[in-house]
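Have the fold open as you read.

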Amino acid sequence: MADPHPITGAFFDSPVPPGTGWPDDPATAATPVARSAADVARLAGASSDLSALDARVTVCRACDRLVAWREEVARTGRRASFAHEPYWGRAVASVGSADARIYVVGLAPAANGANRTGRMFTGDRSGDWLWAAFHRAGLATSPTSTAAGDGQQLTGARMGAAVRCAPPANKPTTVERATCAPWLAREIALMPEIRVLLALGGIGWGAVLRVT
């Protein structure tokens, strides 16, 4: 059953099919879907710009366990306080400008955070802290990020993750981390202005070291 988006009021199914009007959804029904590690490597490498890469990230289905978990949370595992909101329930693209000089790499979307909102580091306490910090530094237009479509933007910075789907218990496997790595590698390659890489935690740090 469709639920209203908290910002737009439009009704969406959970998980959200690509190209159905979710705010800032970069994908369409025609976006090619990665269904294996080999597909991820091929589609990431063939992405000519960040727009194409972001779209392909959000429809990725390469890791069966992660796809099943993110969609189960979106359909039946919602936190009570968000029970009447639609959940994105897909892989989450990075957020921020293509000419960013600062790139923040976290672990993965939170099950009831970015997996719900569709925007990286949005909807949980760690995201609240990060967005407030970026705003204080003049890198974000607002101190809060509540949902896609709320007008929040990053300037001169971008935020992503080592793994793009919410993992059970917040613990992606070694294979899942390796499967997702080409998205991060290609993203960094498409951002020539990066001067600072800020990794949050051991998994984020390890992912950055492996692809740079």
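## Ground rules

A residue is called buried when its relative accessible area is under 20%, exposed when that area is over 50%, and partly exposed in between, using a 1.4 Å probe and protein chains only. Helices (H or I, at least four residues) and strands (E, at least two) are DSSP runs, numbered from the N terminus.

This is a predicted model, so to speak of local features takes a pLDDT of at least 70, side-chain atom pairs count only at pLDDT 80 or more, and totals for chains, interfaces and linings use all residues. Residues are numbered from 1 along each chain as its sequence is written, and side-chain values use heavy atoms, with hydrogens and water left out.

Start with the open sheet: four strands in the order 3-5-4-6, with mixed pairing. Strand 3 (95–96) and strand 6 (196–199) are the edge strands, each pairing on one side only. Pairing here takes at least two DSSP bridges between two strands.

Strand 4 (residues 102–106) is joined to strand 6 by four bridges, and the two run parallel. Tyr 103 has Leu 197 of strand 6 as its bridge partner. Strand 4 also runs parallel to strand 5, with five bridges between them, and Val 104 sits opposite Met 159 in strand 5. How enclosed is strand 4? Four of its five residues are buried, so the rest of the structure largely encloses it.

## Helices on the sheet

Helix 5 (residues 125–136) lies across strand 3, strand 4 and strand 5 (157–161), and runs at about 165° to strand 5. Helix 7 (residues 201–211) packs on the sheet too, touching strand 4 and strand 6, and its direction makes about 145° with that of strand 6.

Two conventions sit behind this: contact means heavy atoms within 4.5 Å. Axes are lines fitted to C-alpha atoms, for helices over the stretch in contact, and angles run from 0 to 180 degrees between N-to-C directions.

## Helix 6 and its partner

Helix 6 (residues 174–189) has 16 residues and reaches 23 Å from first C-alpha to last, close to the 22 Å expected at 1.5 Å a residue; that expected span is 1.5 Å times one less than the number of residues. There's a kink of about 35° at Cys 180, shortly before Pro 182. The bend at a residue is the angle between axes fitted to the seven residues ending there and the seven starting there. The buried residues of helix 6 are Glu 176, Thr 179, Cys 180, Trp 183, Leu 184, Glu 187 and Ile 188.

Helix 1 (residues 37–45) packs against helix 6 at an angle of about 5°, with the axes 8 Å apart. On the helix 1 side, Ala 37, Val 40, Ala 41, Leu 43, Ala 44 and Gly 45 meet Thr 179, Pro 182, Trp 183 and Arg 186 of helix 6. Thr 179 is buried at 9% relative accessible area. Beyond its neighbours within four places in sequence, Thr 179 is in contact with Ala 37, Val 40, Ala 62 and Cys 63.

Most residues other than glycine have a negative phi, and most peptide bonds are trans. Ser 14 and Pro 15 are joined by a cis peptide bond, with omega about -5°; Pro 15 lies in the loop between strand 2 (11–12) and helix 1.

Phe 121 isn't a glycine, yet has a positive phi of about 60°. Phe 121 is in the loop between helix 4 (114–117) and helix 5, and counts as buried at 12% relative accessibility. Ala 169, in the loop between strand 5 and helix 6, has a positive phi near 55°. Ala 169 is exposed, with a relative accessible area of 64%.

## A look at Val 73

Val 73 lies in helix 3 (residues 64–76) and counts as buried at 4% relative accessibility. Not counting residues up to four places away in sequence, Val 73 touches Arg 78, Tyr 87, Ala 111, Asn 112 and Asn 115. The C-alpha atoms of Val 73 and Gly 89 are separated by 7.4 Å, with the two residues 16 apart along the chain.
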